[in-house]
Amino acid sequence: MRVGFLQTFPLFGKKDENLDNAVAGIKRTDADLVVLPELFNGFWPCGNNP
């Protein structure tokens with residue numbers, strides 16, 4: 001099994017754009033499993049949001 005790690009630069013509140021960027025990155029790999037950052041979709045549920 002090939003595992004890939006994808007680092008993204010998420011933008012707050014831009015869930016669709018962040019998701020599109022993640023999907024594009026996943027498609028560029030030949031990994032069987034891709035690990036994304038926990039906040040890759042740009043949503044911070046707690047505290048004050050910028």
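**Surface patch and salt bridge in a predicted model**

Student: Which residues does Val35 touch, not counting residues up to four places away in sequence?

Tutor: This is a predicted model, in which local features need pLDDT of at least 70, side-chain atom pairs count only at pLDDT 80 or more, and totals for chains, interfaces and linings use all residues. Residues are numbered from 1 along each chain as its sequence is written, and side-chain values use heavy atoms, with hydrogens and water left out. Val35 lies in strand E2, strands being DSSP runs (E, at least two residues) numbered from the N terminus. With contact meaning heavy atoms within 4.5 Å, Val35 touches Val3, Gly4, Phe5 and Leu6.

Student: Is Phe5 buried or exposed?

Tutor: Phe5 is located in strand E1. Buried means under 20% relative accessible area, exposed over 50%, and partly exposed in between (1.4 Å probe, protein chains only). Because its relative accessible area is 68%, Phe5 is exposed.

Student: What accessible area do Met1, Val3, Phe5, Leu33 and Val35 have together?

Tutor: These residues form a nonpolar patch on the surface; patch members have over 30% relative accessible area and no salt bridge, with nonpolar side chains joined within 5 Å and like charges within 9 Å. Strands E1 (3-5) and E2 (33-35) each supply at least two of the patch residues. By the Shrake-Rupley method with a 1.4 Å probe, the area together is about 560 Å².

Student: Which residue forms a salt bridge with Asp30?

Tutor: A salt bridge requires a side-chain nitrogen of Lys or Arg within 4 Å of a carboxyl oxygen of Asp or Glu. The closest N and O atoms of the pair are 3.5 Å apart. The partner of Asp30 is Arg2.

Notes. Helices (H or I, at least four residues) and strands (E, at least two) are DSSP runs, numbered from the N terminus.
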